[in-house]
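Have the viewer ready and follow along.

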There are 2 protein chains.
Amino acid sequence: MNRAIVLLSGGMDSAVTLAYMQRSGFDCIALSFDYGQRHRVELEAADRVATSRGVRERVVQHIDLRAFGGSALTQEIAVPKDRDLGGTTEINGVGPSEIPITYVPARNTIFLALALACAEVRSARDIAIGVNAVDYSGYPDCRPEFIEAFARLANLATRAGVESAQGEAVGSDPARGRDSRRGAICIHAPLQRLTKVGIVRLGLELKVDFALTSSCYDPLAGGRPCQHCDACVLRARGFAGAGAADPLLG
Amino acid sequence: MNRAIVLLSGGMDSAVTLAYMQRSGFDCIALSFDYGQRHRVELEAADRVATSRGVRERVVQHIDLRAFGGSALTQEIAVPKDRDLGGTTEINGVGPSEIPITYVPARNTIFLALALACAEVRSARDIAIGVNAVDYSGYPDCRPEFIEAFARLANLATRAGVESAQGEAVGSDPARGRDSRRGAICIHAPLQRLTKVGIVRLGLELKVDFALTSSCYDPLAGGRPCQHCDACVLRARGFAGAGAADPLLG
């Protein structure tokens, strides 16, 4: 059984990504980050999701991004509410035109770099991340070209990459599943081209318990979602379009 | 004055890289990592080097790679001594054919990812790293193709990359100095194609005080170099070839 490292934030997207990788036959290790985020309640959500899905191992990496500062997610800056996130359709959503203050500098680069180290030590050749470039906040490190560039880097950076066939460019098209070359590292981003509606539908099909997840960037007392930050707005859009009720708002 | 983030380990190569970037006119911020390395004495060396070179700011990022394990540099595994590091000449050295146990999984990927976050927050577009692919230990993440792939990634991952011209491939040839496109992030690796002899000569020319540096992977009591690990062997080769005495062995 192939082993995969799945980045698990505790949000809706990463929970669906985990379920998708499990259905694809991977033995999953869940990797979460305690990076000084204000919405630390998501780490508890990640615990609940990992437990409910029966993952073999859960790793929490501590890394204090507050030393660098620069984002509303790690500093005492107001999280923007009720932003215009652009029109969206189920076929082809359109993201917002500018990068918001909630963007954490180089976050996905750092997370994927650490996942790569974890994969290398655990002899995993597969890494999965729940990025989405349709109904999203406009972060540059969620785009397909970013994921492709990381996959290329990963195969140059590591023992696995060096030991597998060299020289040739490596793709990360999730439609192909694993990279066709034996031993190459593959970055899976199965939600990349889905809308939030599509993600909710996929999650329901995979029996993801959305009641265990947490999406809000700025939770109220008791961890209840604020319902106005980008993450809450996008989540609501997903459930509404899928004709389902969000169990967190029940 | 352009600001640059310089990765400063406290070893010989990073000290020369810092001096090189300063001579190139950059206002340098020194970034070091406390990653659970056994040779933590190098962090004190980094302090001394940063002070002696008058850097504007010194950042130490804590990150515990021991959670992943997998390397003699972070675990209680013996550091290999007196390895055959391949023949070398001043023109074209040849590295060893296999990746040694001292390789830390994905280390330079992680370090550069964190440097990228630091650069983004500090409004720096330049990052410098003292990797060398001639007289080196054979780590995959020291090769020029790795540095080029990281530069491409950096320009897709960040606000700076998005705001600069998009679409076009980005080079990182250190001979060109900065990337020609305004606003693009450039990864400088000025020692990439030098031998250890060339690095020692460049350092002497730039008045680097090698007495302040520390290269050994497995220091003896008092921080004295073991003289048998890869780093010590390569350093000795550099000083011998340059016809200079290593002040650490005085």
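The report below goes from the pair of chains to the sheet and then to single residues.

**The two copies.** Please keep in mind that this is a predicted model. Chain A can be superposed on chain B with an RMSD of 0.0 Å, using a turn of 180° and a shift of 0.0 Å along the axis. The two copies are thus related as by a two-fold rotation axis. Both use the same surface, since 100% of the contact residues of chain A recur in chain B.

**Where they touch.** Chain A gives 38 residues to the contact, and chain B gives 38 residues. On the chain A side, the elements that supply two or more residues are strand E3 (57–62), helix H3 (107–121), helix H4 (144–157) and helix H5 (159–163) of chain A. The largest share, 9 residues, belongs to H3(A). Sorted by class, the side of chain A that touches chain B looks like this:

| Class | Number on the chain A side |
|---|---|
| Nonpolar | 24 residues |
| Polar | 7 residues |

Now turn to chain B, where an open sheet of 5 strands runs in the order E3-E2-E1-E4-E5 with parallel pairing. Strand E3 (57–62) and strand E5 (186–188) of chain B each have a single partner strand and stand at the edges, so one side of each has no neighbour in the sheet. On average, neighbouring strands are turned by 25° against each other, direction ignored. Strand E4 (residues 126–128) of chain B pairs with E5(B) in the parallel sense over 3 bridges, and B:Asp126 has B:Cys186 as its bridge partner in E5(B). Helix H3 (residues 107–121) of chain B packs on this sheet, where it touches strand E1 (3–7), strand E2 (27–34), E3 and E4 of chain B. The direction of this helix makes about 155° with that of E1(B).

**The core.** The largest nonpolar core has 140 residues. Those with the most contacts inside it are A:Val6, A:Ala115, A:Ile127, B:Val6, B:Ala115 and B:Ile127. Beyond its neighbours within four places in sequence, B:Ile127 has contacts that include B:Ala4, B:Ile5, B:Leu112, B:Ala115 and B:Ile187.

Is B:Arg58 buried or partly exposed? B:Arg58, which lies in strand E3 of chain B, is partly exposed, because 16 other C-beta atoms lie within 10 Å and a buried residue would need 20 or more. Leaving out residues up to four places away in sequence, B:Arg58 touches B:Ala30 and B:Ala50. B:Asp47 is 11 residues from B:Arg58 in sequence and 8.1 Å away in space, C-alpha to C-alpha.

Key. Residues are numbered from 1 along each chain as its sequence is written. Chains are lettered from A and ligands numbered from 1 in the order in which they are written. This is a predicted model: local features need pLDDT of at least 70, side-chain atom pairs count only at pLDDT 80 or more; totals for chains, interfaces and linings use all residues. Two residues are in contact if their C-beta atoms, placed from the backbone, lie within 7 Å. Helices (H or I, at least four residues) and strands (E, at least two) are DSSP runs, numbered from the N terminus. Ala, Val, Leu, Ile, Met, Phe, Trp, Tyr, Cys and Pro count as nonpolar, Asp, Glu, Lys and Arg as charged, and the others, Gly among them, as polar. A nonpolar core is a set of buried Ala, Val, Leu, Ile, Met, Phe, Trp, Tyr and Cys residues joined through C-beta atoms within 7 Å. A residue is buried if 20 or more other C-beta atoms lie within 10 Å of its own, exposed if 12 or fewer, and partly exposed in between; C-beta atoms are placed from the backbone. Copies are superposed by least squares on the C-alpha atoms of residues with pLDDT of at least 70 in both. Two strands pair if DSSP finds at least two bridges between them. Axes are lines fitted to C-alpha atoms, for helices over the stretch in contact, and angles run from 0 to 180 degrees between N-to-C directions.
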